[in-house]
Amino acid sequence: MSQPKLATALVVPFEQLRMTDVEVVGGKNASLGEMISQLSATGVRVPGGFATTAHAFRQFLSHGGLVDKINARLSALNTDDVRALAEAGAQIRQWVHEAPLPPALEDAVRTAYAALSADSPDATFAVRSSATAEDLPDASFAGQQETFLNVHGIDDVLAKMREVFASLYN
């Protein structure tokens, strides 16, 4: 069971994550946190980072009514029409790209990024999904969302974060 304080967190450093946090931050992020906690004493170095949470994603969708627009678009969708599916996905992805981040989420990401990059201002990072249901016991959806490598600077991190969010609607 996940730590209660994570239920409403927007951003969590990997060092604070464990495998019990999969439903909050997804399997990849929980695994990185677990590796950091278990391997640091053995001398194995695991790169640090931070995760945005499922709660943060829900806050993003709620901000400005995006979730209502998406739900309305999907409720009118003919799921047997492949062209309509593609058009709906493209429209929703565009809405996600254009949607502003809730100020608290943007501030949390900026703060976590500043702490992470303080000693290495020229460092580059990976921005990728770690969906909470990517790897289930009887199904896997890993690799369906976008992954970006060599991301440099907070503005690029924020832009790529939106692209990862939007890729849920591919």
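**Notes on packing**

1. The largest nonpolar core of this predicted model has 30 residues. Those with the most contacts inside it are Phe60, Leu66, Ile70, Val96, Leu105 and Val109. At least two residues of this core come from each of α3 (54-62), α4 (66-75), α5 (82-98), α6 (103-117), β3 (125-128), β6 (147-151) and α7 (154-166). The element that gives the most is α7, with 7 residues.

2. Leu105 deserves a separate entry. Leaving aside residues up to four places away in sequence, Leu105 touches Leu10, Val11, Thr52, Ala56, Phe60 and Met161. Another core, of 10 residues, lies apart from the largest one. Leu6, Val12, Val25 and Ala51 are among the residues of that other core. As background, nonpolar side chains in soluble globular proteins tend to be buried together.

3. Next, the helix pairs. Two packed helices are described by the angle between their axes and the distance between the axes. For α6 and α7, the axes come within 10 Å and cross at roughly 130 degrees.

4. On the α6 side, the contact with α7 is made by Leu105, Glu106, Val109, Arg110 and Tyr113. On the α7 side, Ile154, Asp155, Val157, Leu158 and Met161 take part. By class, the residues of this contact are 7 nonpolar, no polar and 3 charged. Leu105 and Val109, listed here for α6, are also among the residues with the most contacts inside the largest core.

5. For α4 and α5, the packing angle is about 175 degrees and the axes are 11 Å apart. Because an angle over 145 degrees counts as roughly antiparallel, α4 is described that way relative to α5. From α4, the residues involved are Leu66, Lys69, Ile70, Arg73 and Leu74. They meet Ala84, Glu87, Ala88, Gln91, Ile92, Trp95 and Val96 in α5. The contact divides into 8 nonpolar residues, 1 polar and 3 charged.

6. Is Arg45 buried or exposed? Arg45 lies in the loop between α2 (27-39) and β2 (50-52). Its relative accessible area is 78%, so Arg45 is exposed, the cut-off being over 50%. Arg45 and Met35 are 10 residues apart along the chain, and their C-alpha atoms are separated by 9.0 Å.

Definitions and conventions. Residues are numbered from 1 along each chain as its sequence is written. This is a predicted model: local features need pLDDT of at least 70, side-chain atom pairs count only at pLDDT 80 or more; totals for chains, interfaces and linings use all residues. Side-chain values use heavy atoms; hydrogens and water are left out. A nonpolar core is a set of buried Ala, Val, Leu, Ile, Met, Phe, Trp, Tyr and Cys residues joined through side-chain atoms within 4.5 Å. Buried means under 20% relative accessible area, exposed over 50%, partly exposed in between (1.4 Å probe, protein chains only). Helices (H or I, at least four residues) and strands (E, at least two) are DSSP runs, numbered from the N terminus. Contact means heavy atoms within 4.5 Å. Axes are lines fitted to C-alpha atoms, for helices over the stretch in contact, and angles run from 0 to 180 degrees between N-to-C directions. Ala, Val, Leu, Ile, Met, Phe, Trp, Tyr, Cys and Pro count as nonpolar, Asp, Glu, Lys and Arg as charged, and the others, Gly among them, as polar. Angles under 35 degrees count as roughly parallel, over 145 as roughly antiparallel, 65 to 115 as roughly perpendicular and the rest as oblique.
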